[in-house]
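Visitor: Could you show me around this chain, one question at a time?
Guide: Gladly; here it is.

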Amino acid sequence: MQDRASIEGAYADQTVGLDGVRSEIVMMRTPDGTGRLELTRYESPLAVSAGSPAAPPNTLGLHRIMFAVDDID
């Protein structure tokens with residue numbers, strides 16, 4: 001199950017630290033119902049390439065998630 005929302009405006013700008021933020025956020029619940037995973041897609045400002053030590057939140061490849069699993073399949 002997932003919840004979806006579009007985010008923009010002054011609050012979003014202040015929270016993320018960018019100007020003109022417009023993004024879509026999807027909250028996915030884990031199958032066991034004990035956790036959630038937030039996925040964000042920035043519509044604006046445009047994504048930037050990594051390379052800065054103080055990269056902004058919309059940097060491509062900035063965030064990642066890993067899981068410990070017993071079997072990759």
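**A guided tour of the chain**

Guide: Let us begin with one side chain: at 17% relative accessibility, Met27 counts as buried. Please keep in mind that this is a predicted model.

Visitor: In which element is Met27 found, and how far is its C-alpha atom from that of Thr40?
Guide: Met27 is found in strand S2. Along the chain, Met27 and Thr40 are 13 residues apart.

Visitor: How confident is the predictor, and what is the mean pLDDT of the chain?
Guide: Of the residues in the chain, 77% reach a pLDDT of 70 or more. Where pLDDT is low, the predicted coordinates should not be read in detail. For the chain, the mean pLDDT is 80.

Visitor: Which element has the highest confidence, and which the lowest?
Guide: Strand S1, residues 2-8, is where confidence is lowest, at a mean of 83. The highest value, 90, belongs to residues 10-16, which make up helix H1.

Visitor: What pattern do the helix and strands follow along the sequence?
Guide: The chain has one helix and three strands. Taken in sequence order, they give the pattern β-α-β-β.

Visitor: How many bridges join S2 to S3?
Guide: Strand S2 covers residues 22-29 and strand S3 covers residues 36-44. The two run antiparallel, and one example of their pairing is Val26, whose bridge partner in S3 is Leu39. The number of bridges joining S2 to S3 is eight.

Visitor: Which residue in the turn of that hairpin has a positive phi?
Guide: S2 and S3 form a hairpin, with six residues between them. Most residues other than glycine have a negative phi. In this turn, the residue with a positive phi, about 80°, is Gly33.

Visitor: How many residues apart in sequence are the parts that Arg22 and Glu43 tie together?
Guide: Arg22 and Glu43 form a salt bridge, with their closest N and O atoms 3.1 Å apart. Arg22 lies in strand S2 and Glu43 in strand S3, so this pair ties together parts whose separation in sequence is 21 residues.

Visitor: Arg41 forms a salt bridge with Glu24; which of the two counts as buried?
Guide: In this pair the closest N and O atoms are 2.8 Å apart. Arg41 lies in strand S3 and Glu24 in strand S2, so the pair ties together parts 17 residues apart in sequence. Arg41 is partly exposed, with a relative accessible area of 45%. The residue that counts as buried, at 16% relative accessibility, is Glu24.

Visitor: Which residues do salt bridges with shared partners join into one network?
Guide: The side chains of Glu43 and Arg41 also meet in a salt bridge, at 3.3 Å from N to O. Through shared partners, one network takes in Arg4, Arg22, Glu24, Arg41 and Glu43.

Visitor: Is Ser23 buried or exposed?
Guide: Ser23 lies in strand S2. Leaving out residues up to four places away in sequence, Ser23 touches Ala5, Ser6, Ile7, Thr40, Arg41, Tyr42 and Glu43. With a relative accessible area of 4%, Ser23 is buried.

Visitor: How far apart in space are Val21 and Pro45, C-alpha to C-alpha?
Guide: Val21 is found in the loop between H1 and S2, while Pro45 is in the segment after S3. Val21 is buried, with a relative accessible area of 3%, and its contacts include Ala12, Val16, Tyr42 and Pro45. Val21 and Pro45 are 24 residues apart in sequence, yet their C-alpha distance is 5.9 Å.

Visitor: What kind of peptide bond joins Ser44 and Pro45?
Guide: Most peptide bonds are trans. Between Ser44 and Pro45, omega is about -5°. The bond joining Ser44 and Pro45 is cis.

Visitor: What share of the residues of the chain count as buried?
Guide: The chain exposes about 6,100 Å², and carbon and sulfur atoms supply 54% of that area. Of the 73 residues of the chain, the share that count as buried is 16%.

Conventions:
Residues are numbered from 1 along each chain as its sequence is written. Side-chain values use heavy atoms; hydrogens and water are left out. Two strands pair if DSSP finds at least two bridges between them. Helices (H or I, at least four residues) and strands (E, at least two) are DSSP runs, numbered from the N terminus. pLDDT is the predictor's confidence in each residue, from 0 to 100. A salt bridge is a side-chain nitrogen of Lys or Arg within 4 Å of a carboxyl oxygen of Asp or Glu. Buried means under 20% relative accessible area, exposed over 50%, partly exposed in between (1.4 Å probe, protein chains only). Contact means heavy atoms within 4.5 Å. Accessible areas come from the Shrake-Rupley method with a 1.4 Å probe; for residues, only the protein chains shown count as cover.
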